[in-house]
Amino acid sequence: MARRTFTPDQVTDMLERWHRGASTTDVAAAVGVDRKTVKKYADCAVAAGIRPGGAPLTPADWTALIARRHPVIAEPRLRRTTWRELDDNREFIAELRTAGVPQERIWRRLRSERGVLSSLATLKRWVAANLVEAVR
């Protein structure tokens, strides 16, 4: 089974429910995740000194906690290891896109000339997210 990734809003929802006093089992059922997932994030809150039923926290407080304890949730780019390779070749990709070179040819050149391991689909997602002005 593939590992599921969460957005800061989803983790905030889990933590807010837990903080209001719901059990990890109840939170898991309400959110649609395994109870061990809820426990993992609740344990981080406990380690930060937060207990259920305490003073209410704002969504910004929860987001800051998540960013400190689980940076890959707050910054998805950290999860995307092949995006780092593409970031390193940004000028090369932008230059070829500006010249009208198709993405498949750019991908082939990246693999053969620069040793980039990303897939064509990853390159397309990266271009859509990072070079919007160069996409035709």
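A crossing of two helices is called left-handed if the near helix is turned anticlockwise from the far one by less than a right angle, and right-handed if it is turned clockwise. In this predicted model, helix α8 passes helix α9 in a right-handed crossing, and the crossing of α1 and α2 is right-handed as well.

Two packed helices are described by the angle between their axes and the distance between the axes. The table lists these values for three helix pairs.

| Helix pair | Residues | Axes come within | Crossing angle |
|---|---|---|---|
| α1 and α2 | 8-19 and 24-31 | 9 Å | roughly 140° |
| α6 and α7 | 81-88 and 90-98 | 4 Å | roughly 70° |
| α8 and α9 | 103-114 and 120-130 | 10 Å | roughly 115° |

For α8 and α9, the axes cross at roughly 115°, and the two helices are therefore roughly perpendicular to each other. On the α8 side the contact involves Gln103, Glu104, Ile106, Trp107 and Leu110, which meet Leu120, Leu123, Lys124 and Val127 of α9.

For α6 and α7, the axes come within 4 Å and cross at roughly 70°, which makes α6 roughly perpendicular to α7. Here Leu86, Asp87 and Asp88 of α6 make the contact with Arg90, Glu91 and Ile93 of α7, and the residues of the contact divide into 2 nonpolar, no polar and 4 charged.

For α1 and α2, where the axes come within 9 Å and cross at roughly 140°, the residues Asp13, Met14, Arg17 and Trp18 in α1 meet Thr24, Val27, Ala30 and Val31 in α2. The division in the contact of α1 with α2 is 5 nonpolar, 1 polar and 2 charged.

Aromatic rings form a separate topic. A pair of aromatic rings is described by the distance of the centres and the angle of the planes. With rings of Phe, Tyr and Trp counted as a pair if their centres lie within 6.5 Å, the count in this model comes to 0 aromatic pairs. A ring does, however, take part in an arrangement of another kind: the charged end of Arg114 sits over the ring of Phe92, at 3.9 Å from the centre of that ring.

Terms used. Residues are numbered from 1 along each chain as its sequence is written. This is a predicted model: local features need pLDDT of at least 70, side-chain atom pairs count only at pLDDT 80 or more; totals for chains, interfaces and linings use all residues. Side-chain values use heavy atoms; hydrogens and water are left out. Axes are lines fitted to C-alpha atoms, for helices over the stretch in contact, and angles run from 0 to 180 degrees between N-to-C directions. Angles under 35 degrees count as roughly parallel, over 145 as roughly antiparallel, 65 to 115 as roughly perpendicular and the rest as oblique. Contact means heavy atoms within 4.5 Å. Rings of Phe, Tyr and Trp (its six-membered ring) pair if their centres lie within 6.5 Å; planes under 30 degrees apart count as stacked, over 60 as edge-to-face and the rest as tilted. A charge sits over a ring if NZ of Lys or CZ of Arg is within 6 Å of the ring centre and within 35 degrees of the ring normal. Ala, Val, Leu, Ile, Met, Phe, Trp, Tyr, Cys and Pro count as nonpolar, Asp, Glu, Lys and Arg as charged, and the others, Gly among them, as polar.
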